[in-house]
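Hi,

Here is the structure I promised to pass on. Have a look at it first, and then read on for what turned up.

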Amino acid sequence: MDGSAGRANGADVALISGGEALQSLNDNNLMVFPDSPGGARVHRQVGAMAPQMVPHASGRPWLAGSWDPEDLVVADAGPVRVVVYGSVSLTQERLSALVPTVRALPDLDRLVRRLPGSAHVLASAHGQVRFQGTVTGTRCVFTACVDDVPIAGDRADVLAGITGAEVDEELLAASVTSGMFFAPLSERSWWRGVQQVPADSYAVLPGNGAARMVRWWLPPEPHLSVAEGAGQVRERLREAVALRQPRQGRLSADLSGGMDSTSLCFLAAEHRPDLLTFRWTGGSVINDDPQYAEQAARSLRRAEHLTMPESSAPPVFSPPYWASDTEAPRATTRGMNAIRTGIRLLVEHGATWHLAGHGADELFTGSAAYLHTLLRRRPVTALRQLQAHRALSRWPLATSLSELLRGEDLGTWWRRCADALVRPAPAGPAPALGWGALLPATPWATGEAVQTTRRLFHGLAEEIAPLAPDRGQHEALTALRSAGPVLRLLRREFAVEGLRLELPYLDDRVVEAVLAIHPHERCTPWRYKPVLAAAMRGLVPDVILDRSTKGDCEESVDRALQQHVPDLLELFADSLLAHRGLIDVAKLRTTLRTPPRSADVWSAQLEATLGAELWLREIAARPGGPPTASAGLAAAHPHRMPDPEEAL
């Protein structure tokens, strides 16, 4: 089969017949088995229930699951077989031409670095399997063992169901205690015994024994100015958007009025002038997004523009409360009912693929943490920028200088995070100059939950290392790798409603192009998203690129939250988190009725707690779903949340 290639519905793919497939295996997912007798045995036990299969070159089962056949490309070169699965502009002929250069698993590095788009990449060579996702975690890899046979997949809950894994109580405690999940916690599986592969690494599956992780990706050295790097960013973004072409139906895109989504609309219109755009209208008087969106829409003359008044969508934190996924708690809970309303409108108008600007905030903005490295390389520039940051954020001079000169390592910072959980929040604005924000525990977390979280943080402190030598690069990668897993779950929420969500800003090649630019120019206090503005100059109207504001919807969020306090109290009256001893419902009730001043922090904590609660209920409600050993969960008798279609 040297040099042969085919899509996943070709001759090299067998369709499993006979028997009723498991529901979880009929959803889009990918399971991976080693090229060994043990791998074939485990496939017979679980993989044969999947509707699709791709074999190793040896003939043993390799991939099983359910996927869009157009998304999976297979190519061979002797005993080596390579698969690319995802959104890429890769033809069968092109992959066939590249595969002969792969003789061993490390050789795949060269191939992967040339792939645009967003995809999982797999190789089977000489009895070993390599499996990797994307460098931001929007496509993840998980591993587990069945009778000492390593298996892998792109969904943790599927592997949890196969192995009988239990919920990770430590992560549950941390989610309700801190409310904010940063890497590496964002890259930890929520199921015990199921391992998540770090975004910069790939998994190697041997024939027997546990999988091992190999780090293959390092961030680029930030050596370019904005002027030098903007052209490459533009080309990588143009390439990323161009390959997002639905084979059936229409392409749609958000047109919020912000620089991120508007830039994608103008890039998409180069190939699809009849683009279908969507935006909300109305809202808070301090949110100026609608005015900018209206100006952008006038420039996209051939596009069809859908608008929906915010008043016609369910407000944030409104019922029904439900989760559609059991892989992990969803961090984006408060506005999902409104998002689903918008998705259904797009689907009604024929949209099948949708572009969104998620990830651009993490990519093009950041905290002032980059000043740590800059101070030691270019002290005059660092002090000038510190002065500007202080003026914008009203940071005290003494505290700012103290934080900037603090020489603690990342492990020490995690220990401070643990200590901060049992201390009151600082009275004034704290300079964002360290490794991250130090937050007190949520008011409703129990003492047991807080102590569990402290132990978890102290454990991280013993083994953690920065993601890059440059503090600005580390901060950017932490933000991206924290957002990626959240957005992966959001993509599946879209898929449930029949729309494919695409996130070009988080493509590997786009991320690399942006990270090659100096952090102090990417995050300068004097310009808003200067890299994106420079990259899009001449394509997007200047009025959008020169915008210095960002839409603010917090006023309407606070108002809606107070309106739905009774609904939230009813939901938590029989809380599964409380049955596990993780939240104090009385304290949650008090906080909801008399919220503290720092609403932006505690509402995010509430959203994380709500996501964890709904996740536990969804697990318990699914017959034959992933098990849990908690007696409290079994005793709680949760009811399934209403179907959103029935609630509208």
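How many salt bridges does the count come to? The count comes to 42 salt bridges. Keep in mind as you read that this is a predicted model.

Let's start with a few of those pairs. Glu327 and Arg492 form a salt bridge, and their closest N and O atoms are 3.0 Å apart. This pair links distant parts of the chain: Glu327 is in the loop between β17 (304-309) and α10 (336-348), while Arg492 belongs to helix α17 (residues 471-496), 165 residues apart. Are the two partners buried or exposed? Glu327 has 2% relative accessibility, so it counts as buried. Arg492 comes out at 15%, so it counts as buried too, since the cut-off for buried is under 20%.

Now compare that with a local pair. Arg238 and Glu235 meet through their side chains in a salt bridge, at 3.4 Å from N to O. Both sit in helix α7 (residues 226-242), 3 residues apart, which is about one turn of the helix. Arg238 is at 23% relative accessibility and therefore counts as partly exposed; Glu235, with 35%, is partly exposed as well.

Another one to look up is Arg406 with Glu403, a salt bridge at 3.3 Å, N to O. Here Arg406 is partly exposed because its relative accessibility is 29%, whereas Glu403, at 13%, counts as buried. There's also a network: salt bridges that share partners join Glu70, Asp71, Arg244, Arg247, Arg491, Arg500, Glu502 and Asp507.

Next, a pair of helices. The axes of α15 (residues 410-420) and α16 (residues 447-463) come within 8 Å of each other and cross at roughly 175°. That angle is why α15 is described as roughly antiparallel to α16. On the α15 side, the residues making the contact include Trp414 and Cys417, and on the α16 side they include Phe457 and Leu460. Sorted by class, this contact has 6 nonpolar, 2 polar and 4 charged residues.

Last stop: Ala199. Where does Ala199 lie? You'll find Ala199 in the loop between β12 (195-196) and β13 (201-205). Ala199 counts as buried because its relative accessibility is 7%. Val135 is 64 residues away from Ala199 in sequence, yet their C-alpha atoms are 4.7 Å apart in space. Leaving out neighbours within four places in sequence, Ala199 is in contact with Thr134, Val135, Thr136, Gly137, Glu187 and Arg481.

Cheers

Technical notes:
Residues numbered from 1 in each chain as written. Predicted model: local features only at pLDDT ≥ 70, side-chain atom pairs only at ≥ 80, totals over all residues. Heavy atoms only, no water. Helix = DSSP H or I, 4+ residues; strand = E, 2+ residues; numbered from the N terminus. Buried < 20%, exposed > 50% of the residue type's maximum accessible area, 1.4 Å probe, protein only. Contact = heavy atoms within 4.5 Å. Axes fitted to C-alpha atoms, helices over the stretch in contact; angles between N-to-C directions. Parallel < 35°, antiparallel > 145°, perpendicular 65-115°, else oblique. Nonpolar A, V, L, I, M, F, W, Y, C, P; charged D, E, K, R; others polar. Salt bridge = Lys/Arg side-chain N within 4 Å of Asp/Glu carboxyl O.
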